[in-house]
Amino acid sequence: MAILAAKDEVGFALPCPALDGAFCIAYATRPATCRTYRCELLRACDAGQIAPADALPIIARARDAAAAVLAQLPPDETITDARRRRREAAASDGAAMLIAPPGLMIALGMLDLVLDEHFRKPGERQVMPRGE
Ligand code: SF4
């Protein structure tokens with residue numbers, strides 16, 4: 001897995017190269033961050049706030065939204081790249097946003113809405129209010 005470093009952050013490009021469909025091909029040796037990470041939906045399942053059967057359609061919706069983004073990405077671009085492009089456009093005078101493919105930006109927004117609503121902590125949200 002190629003590790004990326006920028007400023008004081010270290011990570012890897014998404015989608016993760018170890019992800020094969022819905023499976024982690026590096027499951028036994030996955031990084032500690034993966035071992036300990038629990039999204040908000042999983043936490044809600046653990047707490048009995050949502051039944052696993054009710055969580056599955058939400059996961060399917062997120063996967064469909066991610067597939068819609070991936071289908072529109074240029075071959076050399078990742079979802080992380082697209083988010084970076086969206087952030088840069090928002091910080092610019094807006095002209096950069098006009099260059100971005102509108103369908104891609106809409107699909108990315110739909111994906112982040114699903115992730116914000118069900119998977120991310122309030123402080124991690126990308127498009128919904130961060131709840132800070
Ligand atoms: S668990 Fe970690 S290593 Fe495995 S696919 Fe997911 S992000 Fe990648």
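Analyst: The chain has a mean pLDDT of 86, and 89% of its residues reach 70 or more; pLDDT is the predictor's confidence in each residue, from 0 to 100. This is a predicted model, in which local features need pLDDT of at least 70 and side-chain atom pairs count only at pLDDT 80 or more, while totals for chains, interfaces and linings use all residues. Residues are numbered from 1 along each chain as its sequence is written.

User: Where in the chain is confidence lowest, and where is it highest?

Analyst: The lowest mean, 62, belongs to helix H5 (residues 95-99), and the highest, 96, to helix H2 (residues 40-46). Where pLDDT is low, the predicted coordinates should not be read in detail.

User: What makes a segment a helix or a strand, and how many of each are there in the chain?

Analyst: Helices (H or I, at least four residues) and strands (E, at least two) are DSSP runs, numbered from the N terminus. The chain contains 6 helices and 4 strands, in the order β-β-β-β-α-α-α-α-α-α from the N terminus.

User: Why is Arg 61 called partly exposed?

Analyst: A residue is buried if 20 or more other C-beta atoms, placed from the backbone, lie within 10 Å of its own, exposed if 12 or fewer, and partly exposed in between. Arg 61 has 15 such neighbours and therefore counts as partly exposed. Arg 61 lies in helix H3 (residues 52-72), and its C-alpha atom is 8.7 Å from that of Leu 111, 50 residues apart along the chain.

User: Why is Asp 64 called exposed?

Analyst: Asp 64 has 12 C-beta neighbours inside 10 Å, so it counts as exposed. Asp 64 is also in helix H3, with 8.5 Å between its C-alpha atom and that of Leu 111, 47 residues apart in sequence.

User: What is the class of Ile 79?

Analyst: Ile 79 is partly exposed because it has 18 C-beta neighbours inside 10 Å. Ile 79 belongs to helix H4, and its C-alpha atom is 6.9 Å from that of Pro 15, 64 residues apart along the chain.

User: What makes up the largest nonpolar core?

Analyst: A nonpolar core is a set of buried Ala, Val, Leu, Ile, Met, Phe, Trp, Tyr and Cys residues joined through C-beta atoms within 7 Å. The largest such core has 6 residues: Val 69, Ala 82, Ala 107, Leu 108, Leu 111 and Leu 115. Helix H6 (residues 102-118) gives the largest share, 4 residues.

User: Which residues of H6 are buried, and against what do they pack?

Analyst: Ala 107, Leu 108, Leu 111, Asp 112, Leu 115 and Asp 116 are buried, and the buried residues of H6 pack against H3 and helix H4 (79-91). Leaving aside neighbours within four places in sequence, Leu 108 is in contact (C-beta atoms within 7 Å) with Val 69, Ala 82, Arg 83 and Arg 86.

User: How do you know that the span of H6 is close to the expected value?

Analyst: The expected span is 1.5 Å times one less than the number of residues. H6 has 17 residues and reaches 24 Å from its first C-alpha to its last, close to the 24 Å expected.

Definitions and conventions
Contact = placed C-beta atoms within 7 Å.
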